[in-house]
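Please read this briefing alongside the sequence and the coordinates shown below.

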Amino acid sequence: MSVRTIQRIEADGKASAESTLAIASVFNLSPQALKATSDEIEVNWTRKMIMKNTVALLVISGAIGMLILLGASAKFYMDVASGLFLVLFLYAATIVTLGHRECLNH
């Protein structure tokens, strides 16, 4: 088995039947035992990451709101260029917070 194949399996958790048998034989396990994992850990990790990312996005959005309030009156920001900038900036902040894969998936 190549190093690249092992890295791919570690990254996405998907392996062919041959690769699964090879890895199971190295650890002296059955292929079923190799695949037996708990989904609860993944669910808890996902909830934790969603909460952290939501808080981070709220902080960034709050900072933008404070810059607008402290910088000038709201009328100053009521043009197309400012609106486009705010939309793109919030999208960029979302990508930084959640990652580009999450933004493209939803």
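The model is a predicted one, and its secondary structure comes to 6 helices and 0 strands.

**Whole protein**

- Among the contacts in the protein with a separation of 6 or more, 30% are accounted for by residues 24 or more positions apart.
- The protein exposes about 8800 Å², and carbon and sulfur atoms supply 67% of that area.

**Helix α2 and its two faces**

- In α2, which spans residues 17-26, the buried residues are S19, T20, I23 and A24. Viewed down the axis of α2, these buried residues fall within an arc of 130°, so they line one face of the helix.
- The face of α2 that is turned away from the buried side carries the exposed residues A17, E18, L21, S25 and V26.
- The packing partners of the buried residues of α2 are α1 and α3, the latter covering residues 31-35.
- After α2 comes N28, which has a positive phi, near 55°.

**T20 within α2**

- Where does T20 lie? T20 lies in helix α2, and T20 counts as buried because its relative accessibility is 7%, against a cut-off of under 20% for burial.
- Once neighbours within four places in sequence are set aside, the residues in contact with T20 are A15, P31, L34 and K35. Among these contacts, P31, L34 and K35 fall within the residue range 31-35 of α3.

**The loop between α1 and α2**

- The loop that joins α1, residues 3-12, to α2, residues 17-26, is the place of G13.
- Is G13 buried or exposed? G13 is exposed, because its relative accessible area is 61%, where a value over 50% is required.
- How far apart are G13 and K35 in sequence and in space? G13 and K35 are separated by 22 residues in sequence, while their C-alpha atoms are 9.3 Å apart in space. K35 is also one of the residues in contact with T20.

How values were computed: Residues numbered from 1 in each chain as written. Predicted model: local features only at pLDDT ≥ 70, side-chain atom pairs only at ≥ 80, totals over all residues. Heavy atoms only, no water. Helix = DSSP H or I, 4+ residues; strand = E, 2+ residues; numbered from the N terminus. Buried < 20%, exposed > 50% of the residue type's maximum accessible area, 1.4 Å probe, protein only. Arc of directions from axis to C-beta. Contact = heavy atoms within 4.5 Å. Areas by Shrake-Rupley, 256 points an atom, 1.4 Å probe, with all protein chains shown as cover.
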